[in-house]
Amino acid sequence: MEIKELKSKDEIIKAFPVMKQLRTHLDEETYLDLVFEAREKDHYRLFALYDQGDIVAVTGFKPMITLYYGRFVWVYDLVTDSVKRSMGYGEELLNFVHDWARTNGYSSVALSSGLMRLNAHRFYTDKMNYDKVSFVFKHNLD
């Protein structure tokens, strides 16, 4: 297994089929535009976990500083290919994020997970030892 940062357009496109399983509302063009803009403006990082040359899991995160969390890494995206779940790939990739955060001087890792994603919640709390610390609220502007 290998974890690699995705930087080129070709690498980012190759991760789209896995990312699309989490971000079902995105088409490829919008996905590419958002990844490149988030990298440029918001320090977003995109990594893939490869097994035997195939992308099996993807994560997107960024380092942040807030008064509540201090210096931390926010995981925006974490998804394992649906046919490869429960094989340890998500754990491997999230542990990579933890190591990246430690190495780069951040004190914690945080994320949000959709209300209906109960299997993901069990993964975060039971397997990865995350605490539930808040609700996330969203208001769409017309």
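In helix H4, which spans 118-127, the buried residues are Ala120, His121 and Tyr124, where buried means under 20% relative accessible area and exposed over 50%, with a 1.4 Å probe and protein chains only. Seen down the axis of H4, these buried residues fall within an arc of 105 degrees, so they line one face of the helix, the arc being that of the directions from the helix axis to the C-beta atoms. The face turned away from that buried side carries Leu118, Asn119, Asp126 and Lys127, which are exposed.

This is a predicted model, in which local features need pLDDT of at least 70 and side-chain atom pairs count only at pLDDT 80 or more, while totals for chains, interfaces and linings use all residues. Residues are numbered from 1 along each chain as its sequence is written, and side-chain values use heavy atoms, with hydrogens and water left out. Helices here are DSSP runs of H or I with at least four residues, strands runs of E with at least two, numbered from the N terminus.

Which element gives the most to the lining of the second largest pocket? That is H4, with 6 residues. The second largest pocket is lined by 20 residues, and among those nearest its centre are Ala120 and Phe123; lining residues have an atom within 4 Å of a point on a 1 Å grid, a pocket being an open set of such points with protein on both sides within 12 Å along at least five of seven lines.

Key:
1 Å grid on protein atoms, 1.4 Å probe; cavity = no way out; pocket = protein on both sides within 12 Å on 5 of 7 lines; lining within 4 Å.
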